[in-house]
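Here is a short briefing on a predicted model. Please look over the sequence and structure before reading on.

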Amino acid sequence: MSAGGQSQAMFFRARAARQAGDVGLRRTLQKARPLFVGKRAKGIAGLAADGLGFGALRTACADIRRRVVDDLDVWLEIFEERARATGAEVLWARDGAEIRRHVLDIAARHGVTKAVKSKSMLSEEAGLNEALADAGIRPVETDLGEYIVQLAGEAPSHIIAPAVHKTIHEVEALFAAEHGRPLQARSSADIPAMAREAREVLRQHFLSADMGISGANFLIAETGSAALVTNEGNGRMVTTLPSVHVVITGIEKIVPTLEDFASLMRLLPRSATGQTISNYVSLLTGTRGAGDGEGPEKTVFILVDNGRAALAGSDFADMLRCIRCGACMNHCPVYFSLGGHAYGWVYPGPMGSVLTPLYTGIENALDLPHASTGCNQCGVVCPVEIPLPALMHRLREVQVERRLRPLAERLGLGAWGWLARRPTLYRLVVRLAARYLRWLADDSGRIRVFGLAPGWSAGRDLVPPSGPTFLERYAARKKD
Amino acid sequence: MSARDEILGRVRRGLGKGDAAGRRAKAEALLAAPVRGPQPAIGGELVARFVARAESLTSTVSRVAAASEVPASVAAWLAAQGLDSYCVATADVGDLPWSAAGIAAAVRSAQDADMVGITGCYCAIAETGTLILLSGPETPASVSLLPETHVAVVPAERVVATMEDAFALLRSERPGFLPRAVNLVSGPSRTGDIEQTIVLGAHGPCRVHIVIVGDAPAGAR
């Protein structure tokens, strides 16, 4: 991530080309892909053993999220009231700048010098780590994957597996440099030792930090709680040991009841990693209780808009149901050809192709809604029935409506539209065009260089049309 | 205008619905009478299901007939693992006869140097092999978190079928009150962040051992 959570999504083509040309990256991604797909398939198949159907569960989960999104204002007010009643403070942030201001403010009031962080995509949206460092507060990412990308000075390339693009050798180089030890030759047998090394370094950070920053997988309206799901246990550390806990989360993350949460927990881990349940699921409510010797003395929720409120009631409201499981990217051929960094902002894959334009400006991410093969794998696996390809398609329509497409494309489509409304002329032009294309073909019957789309014909040959046009054939058949 | 009012205003304009009071009443009604989603059919005996799931999550399980037998069972397990008999424990299991079994159990919050933490549990979920631990003065969350080894004592009658059943128990036994942390623990801590290779013991315990008390099948002692 660049400073301030700035999007690089307008450079998608250049970034995609660079990433696609990285042979090592492609090998790493191609190795990971079947693992993600296979684990989810196994996890979903396991539902049947308990007599649960994926379809019914998915509809129930989508309905829970629909109920919230359809009355989001009401649910936000209820959550705020109930969270305050437990002793937590509730703040609101319009954008990344306001998140940064709130967090720095809280840090200053509590004399914070080090903040340990459990994964929070909102903090990535805000570019919070840079702001903390600038203010003299050390931010330490504690999810192992996030820690690795933080050491590398990079952004996560996957929301569930942030360092999926890193090889063991790259991780070894980062650890040797950060932990002040000589570089060692590493094989996969050494992965437990490397995880152990990170555990020991990060344990000292957990014990010495003054502030814990986390996201929330869900906010539970009924109890005013944050629900946090992790496998490593870093979420528990961050929310148990420091004396201040700040939860930064989007306004759309609410679920009404504990029962609703239980339903969603049958699909979230299965969709993300294929697990029946994540190792640690914590419901965090208020602050440390009377007589408690541990737990935060101060809990602050920062409820963030940053583009979300504008989606309420819009053509894109479906996207507010997203529970950030990552299944869409795990099943996306485009994601696995390019890796997450090509997308240029916090959210990669189909999720990012919809969220990035909506949250950072449609005109700032023109190529992302086109980064799709239309295969609809993302739509099929989504646990809350978000029609991702349809949303990308709608974004393309908005680009056309707002005249954001390139001039040549607009002129071309305009000319075609003019022509298509004049059938006689259209038939004549098509007949001539077909003849022209046949004339362009070389002896082998192929067009090697096509002047109107040189980029397209650079990598492949065009086969010219053969025989009469469709309308000619149609007319001839009618006569028979 | 405050950020709060501006954000809520944007949401309201987008939704374009009036009748805030009516919508609020509907939401409150939903909260007053929570509805369960599709429920799994957890067939067979709950404890057996819990054990099978816990073991599939790489927890280990032993069973004893009575609480008084827990310390000897834990001592034997610790010795077999080559682990120290100095433990930190939560108060809910602090009264068990630990010293008679050769275990020195200190009842307090855990510190970094503690190697074994022993806890009770509020209840356990058969569906997923999950322990539910509530934080509190008697049951500090650090005991199940900081030590490398977590030993949990689970009364057989506290094994429920689903997460919904566990929440129902919480509602009836502790109405209107959730402690700071309700921790659902399902096996040892793990990470797959280096080349998607699963490693146990990322930040939390690398071993979870569960002792089930009561309801032990004949001959399983």
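The notes below cover confidence, the interface and the cavities.

This is a predicted model: local features need pLDDT of at least 70, side-chain atom pairs count only at pLDDT 80 or more, and totals for chains, interfaces and linings use all residues. Side-chain values use heavy atoms, without hydrogens and water.

**Confidence**
- The complex has an ipTM of 0.96 and a pTM of 0.94 from the predictor.

**Interface of chain A and chain B**
- Contact (heavy atoms within 4.5 Å) joins 102 residues of chain A to 76 residues of chain B.
- The two chains bury about 7,500 Å² between them, 55% of it on carbon and sulfur atoms. Buried area is the accessible area (1.4 Å probe) that two parts lose on being put together, summed over both.
- On the chain A side, A:Arg199, A:Arg236 and A:Glu259 lose the most area to chain B, together 10% of what that side buries.
- The rule finds 18 salt bridges across the interface (a side-chain nitrogen of Lys or Arg within 4 Å of a carboxyl oxygen of Asp or Glu).
- A:Glu259 also forms a salt bridge with B:Arg171, with the closest N and O atoms 2.7 Å apart.

**Cavities**
- Four cavities of 30 Å³ or more occur in the structure. A cavity is a set of points on a 1 Å grid over the protein atoms alone where a 1.4 Å probe fits but cannot get out.

Conventions: Residues numbered from 1 in each chain as written. Chains lettered and ligands numbered in written order. 1 Å grid on protein atoms, 1.4 Å probe; cavity = no way out; pocket = protein on both sides within 12 Å on 5 of 7 lines; lining within 4 Å. Points joined across faces, edges and corners; volume = space filled by probe spheres on them.
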